[in-house]
Amino acid sequence: MGVIGWIVLGLLAGAIAKAVLPGRDPGGLIGTTLIGIAGAFLGGWLSARFLDRPVERQFFDLTTWGSAIAGALVLLIGYRILFGNSRN
């Protein structure tokens with residue numbers, strides 16, 4: 001999967017994670033994309049390390065999407081724990 005594929009995956013995974021956890025988070029298209037891309041890497045690492053389930057290099061693989069969304073959710077929850085409601 002190329003760089004454009006990771007960006008698209010990150011954008012969509014970040015948007016899905018924000019839809020699952022609605023609220024005031026670091027926003028905008030760029031923030032959502034960065035959280036999603038970092039979440040994809042984090043989710044892939046966690047999946048390979050602890051679940052013994054390495055992520056495939058295919059864009060349409062369900063494991064890739066699940067780990068990317070789960071990683072983005074972890075990052076959003078971590079952001080809310082660290083910074084709380086600082087954006088009110």
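1. Thr33 is found in helix α2; helices here are DSSP runs of H or I of at least four residues, strands are runs of E of at least two, and both are numbered from the N terminus. At 11% relative accessibility, Thr33 counts as buried, a term that means under 20% relative accessible area, with exposed meaning over 50% and partly exposed the range in between (1.4 Å probe, protein chains only).

2. The model is predicted: local features need pLDDT of at least 70, side-chain atom pairs count only at pLDDT 80 or more, and totals for chains, interfaces and linings use all residues. Residues are numbered from 1 along each chain as its sequence is written, and side-chain values use heavy atoms, with hydrogens and water left out.

3. As to the overall architecture, the protein chain has 3 helices and 0 strands, in the order α-α-α along the sequence. Of its 88 residues, 32% count as buried.

4. Helix α1 covers residues 3-20, 18 residues in all. From first C-alpha to last, α1 reaches 25 Å, close to the 26 Å expected at 1.5 Å a residue; the expected span is 1.5 Å times one less than the number of residues.

5. Which residues of α1 are buried? They are Gly5, Leu9, Gly10, Ala13, Gly14 and Ala17. These residues lie on the same side of α1, because they cover an arc of only 155° around the axis, the arc being that of the directions from the helix axis to the C-beta atoms. On the other side of α1, Ile4 and Ala19 are exposed.

6. Val3, Ile4, Ile7, Val8 and Leu12 make a nonpolar surface patch of about 450 Å². Patches are made of residues with over 30% relative accessible area and no salt bridge, with like charges joined within 9 Å and nonpolar side chains (Val, Leu, Ile, Met, Phe, Trp, Tyr) within 5 Å. A salt bridge is a side-chain nitrogen of Lys or Arg within 4 Å of a carboxyl oxygen of Asp or Glu. Accessible areas come from the Shrake-Rupley method with a 1.4 Å probe, and for residues only the protein chains shown count as cover.

7. The largest nonpolar core has 6 residues: Leu9, Ala13, Ala40, Trp65, Ala68 and Ile69. Such a core is a set of buried Ala, Val, Leu, Ile, Met, Phe, Trp, Tyr and Cys residues joined through side-chain atoms within 4.5 Å. Two or more residues of this core are given by each of α1 and α3 (62-83), and α3 supplies the largest share, 3 residues.

8. Gly39 lies in helix α2 (residues 28-50) and is buried, with a relative accessible area of 0%. Gly71 lies in helix α3 and is also buried, at 1%. The C-alpha atoms of Gly39 and Gly71, 32 residues apart along the chain, are separated by 3.9 Å. For Gly71 and Leu42, 29 residues apart along the chain, the C-alpha separation is 5.3 Å.
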